[in-house]
Amino acid sequence: MELYNLKNKLEKVSFLEATKLGLGNKQGLFFPLKLPYFNKKEIINLLSMDFISRSVFILDKIIGNEIPYSKLFSIVKKSFYFPIPLVKVTKNIFCLELFHGPTLSFKDFGARFMSNIISYINKTENKNITILTATSGDTGAAVAHSFYGINNIKVVILYPKKNISYIQKKIFCNLGKNITTIAVNGNFDMCQKLVKKSFDDFLLKKKLNLNSANSINISRLIAQVCYYFEAFAKFKKYGYNNLIVSVPSGNFGNLTAGLISKSIGLNIKNFIVATNSNDTVPRFLNSNIWLPKKTINTLSNAMDINNPSNWPRIIELFKINNWDLNNLYYGSVSDNLTKKSLIELYNLNYISEPHAAVAYNVLKKFIKNTDFGIFLGTAHPIKFKESLKLIIKNDILIPNILKNTNNLSISSYNMDYDFNLLKNFLLTL
Ligand SMILES: *Cc1c(COP(=O)(O)O)cnc(C)c1O
């Protein structure tokens, strides 16, 4: 698989290099030079396979011969070992629950696949590396768990001190060993800036072999393509056509993966961009003006992002496929309407959480009677237990995965928004 830098088409790298580097020169994103295409017959064949075999088949076609098939098979099997239920909510609306992995969010798919690829690379190179990443909650958890206990790899995670939930912290701020967590006095965008600055710092980059693990990493994106195929496969019994998928979006990695799945042959009629009040993309689609505003804290905190890093990839996907951005559905949802949707879902006997509820809300606006719609369930409701209790007036059962972490205390460092503090910290870690 060859990839080029969207900011300099002459910079070309392999899949393994792109995974290792994260970003190219001038912070440019890597984008595949060529994607495979599955025709109708091949798609039917793919849909009849089980999730693991199908995922290996697709990823192998995307990646090419950089990783032996048998190795890729064991990486995929290790990464995707949890179920993906498609739950019927109304007669034509379903939730694809992507939150049954070890850290209870869809980020387990991308993060686990990526970490297994990085470990694979690292085994052959035998170097010490440091993974430095910023999180609005779920990435950090998924990344921490996926690298936990791996030799030669240190993981440092920055998160906005006040904007992530208690349960989110419980999941990843107590692991110890090779995992360090830092609570930054600031919001997610500020955490991301600190990470970007570190990557621009010559000394840090050289001394620590820095690798970012956020959603701009190409290995995460292609891993996520697999569950769009799974959704479609599960959908077979309801009829194929006119499937619309609503994606609760923050950094737009999830939507990028969905669009890649369409681009390689999956017949999804349309996608919906669903954001909370941090609505840079819906405003852009409406006015053609790119104008990120100040980040607002919302109930769906993992989407409190105003400068989504994957957006250039989406533009590129539209360009290479000759798709029209005007056909993309979109909407932004206030906290008030998110609450209304959560209550509506609850009355339909479905307990959801704020991110999925945003996607459900916009889906309802666009879906016609003849369509089938899926909204992606990106996190387990338990992560938002405190806010949900006030909205649906009911408690949420603790899933088994969390029962063991309940008595562990949180052991993060605290840090002001100051690059030099972080730099010194990293150099002495
Ligand atoms: C990260 C996250 C999102 C946003 O996904 P992107 O790929 O960044 O658009 C949505 N919901 C939840 C629960 C998340 O953790």
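Colleague: Why is F375 called buried?

Modeller: The relative accessibility of F375 is 0%. Buried means under 20% relative accessible area, exposed over 50%, and partly exposed in between, with a 1.4 Å probe and protein chains only. F375 therefore counts as buried. This is a predicted model, in which local features need pLDDT of at least 70 and side-chain atom pairs count only at pLDDT 80 or more, whereas totals for chains, interfaces and linings use all residues. Residues are numbered from 1 along each chain as its sequence is written, and side-chain values use heavy atoms, with hydrogens and water left out.

Colleague: In which element is F375 found, and how far is F375 from V89?

Modeller: F375 belongs to strand β13, residues 372–377. Strands (E, at least two residues) and helices (H or I, at least four) are DSSP runs, numbered from the N terminus. In sequence, 286 residues separate F375 from V89, while their C-alpha atoms are 10 Å apart in space.

Colleague: What makes F109 buried or exposed?

Modeller: F109 has a relative accessible area of 1%, and because of this value F109 is buried. F109 lies in helix α5. From F109 to N209 there are 100 residues in sequence and 24 Å in space, C-alpha to C-alpha.

Colleague: How do you know whether S300 is buried or exposed?

Modeller: The relative accessible area of S300 is 0%, so S300 is buried. S300 is placed in the loop between α12 (280–287) and α13. S300 and K12 are 288 residues apart in sequence, and their C-alpha atoms are 37 Å apart in space.

Colleague: Is N126 called buried or exposed, and why?

Modeller: N126 reaches 60% relative accessibility and therefore counts as exposed. The loop that holds N126 runs between α5 (107–125) and β6 (129–134). Phi of N126 is near 55°, a positive value in a residue other than glycine.

Colleague: What is the corresponding account of N322?

Modeller: With 72% relative accessibility, N322 counts as exposed. N322 is in the loop between α13 (311–321) and β12 (329–332). Although N322 is not a glycine, its phi is positive, at about 60°.

Colleague: Why is T428 called exposed?

Modeller: T428 has a relative accessible area of 68%, and therefore T428 is exposed. T428 is in helix α18, residues 419–428. A polar atom of the T428 side chain lies 3.2 Å from the backbone oxygen of F425.

Colleague: Which residues are the closest to the ligand?

Modeller: The closest are K107, D138, G250, N251 and F252, out of 15 residues that surround the ligand. A residue is near a molecule if one of its heavy atoms lies within 4 Å of it. By class, the shell has six nonpolar, seven polar and two charged residues.

Colleague: Which backbone atoms lie 2.8 Å from an oxygen atom of the ligand?

Modeller: A polar backbone atom of G250 lies at that distance, as does a backbone N or O atom of N251 and a backbone N or O atom of N254. Taken alone, the ligand exposes 380 Å², and the protein buries 98% of that. Accessible areas come from the Shrake-Rupley method with a 1.4 Å probe.

Colleague: What is the space taken by the ligand?

Modeller: That space is the largest cavity. On a 1 Å grid over the protein atoms alone, a cavity is a set of points where a 1.4 Å probe fits but cannot get out. A molecule sits in a cavity if more than half of its atoms lie within 2 Å of its grid points.

Technical notes. A polar contact is a pair of N or O atoms within 3.5 Å; within protein, one must be able to donate a hydrogen and the other to accept it, and residues adjacent in sequence count only if both atoms are side-chain atoms. On a 1 Å grid over the protein atoms alone, a cavity is a set of points where a 1.4 Å probe fits but cannot get out, and a pocket is an open set with protein on both sides within 12 Å along at least five of seven lines; lining residues have an atom within 4 Å of a point. Ala, Val, Leu, Ile, Met, Phe, Trp, Tyr, Cys and Pro count as nonpolar, Asp, Glu, Lys and Arg as charged, and the others, Gly among them, as polar.
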